[in-house]
Amino acid sequence: ILAGINEIDKLGFNRHLSTFVEPMRKIVSEAEEKADIEASKIAQFEIQALRLHPQSFVISRNYSRRMQDEIDNWSIEQLNYYKWRFETSTNQQLASHYGDILLDYKGPNKIEGKYIIFTKIIPMLQEVAKLAISQPEKDYFTLISAFSRSIELCLSFNNAELLRKSVIDIIEFIKDIGSTHDFRWILEPSEMLVEVLRNPRVTDTMNVTDIDLVMNKLDEARSNWLSNKNCHMHRAACEKLIIWKKRNGGTPEEIRVIEKEIGLSFEIEAEDQQGRTDKSEIVKAHFLEQALQHYISIGETSKYDDLKNRIKRAYIQAEKTEFKETRAAVNISEDKVNAHLEIYRKESDLRKIFGLLCIDPNINLNATKTKKLSEDILKQSVLRALIPASGVSGGRKITQSTTYEDKLEAEFRSHYIMGLSLGVNLFLIPI
């Protein structure tokens, strides 16, 4: 078993740790054939660890923990094994992963020396980041994950010295964004470094030069993405740049320009639609609505009337070119209709007629059955249940259903109104 583990350590850096699972499965099979219970157990420990993956690559406001909750149920024997692997593995990527598990463990067992594990894992994570970026096909996700975990742990253990080293590594990476690395990779590092600035316990880990570099790179990314009509990424850069400006002396005028540019980005996307040849008026209306909502949220009322008119024109055009009228023939026996009406015609007492109307199932629909029908339709059509639905009339979007509950309500209303309309036209109006 130890020979097999050493062979895995020698495999070096790997984009997916789960790749190491298959060699471990072979060790399990061999151990079972030889009835080697201890070897099989150790191999299973390895498999369980290698299957784990970070729940979030970046610490942020809604970050809870690094690993899945299942690790809190692991035995002290299993945790001690990971501590041994952390201390003895020659593979920095694997060793840091074992250490990650130990530091994230929140179960009833006590893990000794967590601070020592922390001081050892930070250099490992820094090495993993370098390995990830030195691959022929750069592994940016592992890089970001290692950077993020390093920052998180330094803040958690309140270690300014190791935090500064981690920040320096990120700053060095950011310097090459726009040349060696795509602008795409400024977003997560800028998020991590905001967490550093937000933490009051650790000061002087970022200087003015560092802060200016991050803001300049975000600004370059924002300009690049807007000129290339990469609107989604442009808005992401704008949102992060606004956070940095607000924290680091940006003027209200500077922030206002960026806020208005987010609205402009929605307007550009409405027209460009990622360069599609066949433009959709529904898509256009959607992004114009997004623009309108954004302008309202920042108090930019000058765009309100123009956008409302453009949205209306888009929906009117969509009704002409993108909506399809569906009709279905319904055969209704004239004899049955007349037989039903005869029940009312033979009554001369107006009170009895109203009494019949109150209990007539053709006019007073069964709401419970209609709801059941609506639920069955949504169950049969998975796509219909997943995709948001809108109601458009007269160039205006009058309803929008995004949640399952909203869609069920819309489906119910549609069938109830349809049934009620049919009943009124066939049975009530003739009476």
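Biologist: Where is Asp139 found?
Modeller: Quick note before we start: this is a predicted model. Asp139 is in the loop between α6 (114-134) and α7.

Biologist: Is Asp139 buried or exposed?
Modeller: Asp139 is buried, because its relative accessible area is 3% and the cut-off for buried is under 20%.

Biologist: What does Asp139 touch?
Modeller: Leaving out residues up to four places away in sequence, Asp139 touches Phe13, Arg15 and Ala132. The side chain of Asp139 also makes a polar contact with the side chain of Thr142, at 2.5 Å.

Biologist: Let's switch to a helix. How far apart are the end C-alpha atoms of α9?
Modeller: They're 17 Å apart. Helix α9 covers residues 187-198, so twelve residues at 1.5 Å a residue should span 16 Å, and that agrees.

Biologist: And how many residues of α9 are buried?
Modeller: Nine of the twelve, so α9 is largely enclosed by the rest of the structure. Among the buried ones are Leu187, Pro189, Met192, Leu193 and Val196. Glu188 and Glu195 are on the buried list too.

Biologist: What covers those buried residues of α9?
Modeller: The cover includes four other helices: α7 (140-156), α8 (160-175), α10 (208-227) and α11 (231-247).

Biologist: New topic, rings! How many aromatic pairs are there in the whole structure?
Modeller: The search finds 13 aromatic pairs.

Biologist: Which residues do ring pairs link into a cluster?
Modeller: Phe45, Trp74, Tyr81, Tyr82, Trp84 and Tyr98 are linked into a cluster by ring pairs.

Biologist: What lies over the face of Trp185?
Modeller: That's Arg184, at 4.2 Å from the ring centre.

Biologist: OK, backbone next. What is phi of Asn158 near?
Modeller: Phi of Asn158 is near 55°, which is a positive value in a residue other than glycine. Asn158 lies in the loop between α7 and α8, and with a relative accessible area of 39% Asn158 is partly exposed.

Biologist: What about phi of Gln274?
Modeller: Phi of Gln274 is positive as well, near 60°, and again the residue is something other than glycine. You'll find Gln274 in the loop between α12 (252-272) and α13 (281-297). Gln274 counts as exposed, because its relative accessibility is 68% and the cut-off for exposed is over 50%.

Biologist: How many disulfides does the count come to?
Modeller: The count comes to zero disulfides. Take Cys238: the nearest cysteine sulfur, that of Cys231, is 10 Å away, so with a cut-off of 2.5 Å Cys238 is in no disulfide.

Biologist: Is Cys238 buried or exposed?
Modeller: Cys238 counts as buried, at 0% relative accessibility. Cys154 is buried too, with a relative accessible area of 0%.

Biologist: Last one. Where is Ser96?
Modeller: Ser96 is in helix α5, residues 92-104. Ser96 is buried, with a relative accessible area of 5%.

Biologist: What does the side chain of Ser96 reach?
Modeller: The side chain of Ser96 reaches the backbone oxygen of Gln93, at 2.8 Å.

Biologist: And which residues does Ser96 touch?
Modeller: Not counting residues up to four places away in sequence, Ser96 touches Ile121, Met124, Leu125 and Val128.

Technical notes. Residues numbered from 1 in each chain as written. Predicted model: local features only at pLDDT ≥ 70, side-chain atom pairs only at ≥ 80, totals over all residues. Heavy atoms only, no water. Helix = DSSP H or I, 4+ residues; strand = E, 2+ residues; numbered from the N terminus. Expected span 1.5 Å × (residues − 1). Buried < 20%, exposed > 50% of the residue type's maximum accessible area, 1.4 Å probe, protein only. Contact = heavy atoms within 4.5 Å. Phe/Tyr/Trp six-rings, centres within 6.5 Å; stacked < 30°, edge-to-face > 60°. Lys NZ or Arg CZ within 6 Å of the ring centre and 35° of its normal. Polar contact = N/O pair within 3.5 Å; in protein donor to acceptor, adjacent residues only side chain to side chain.
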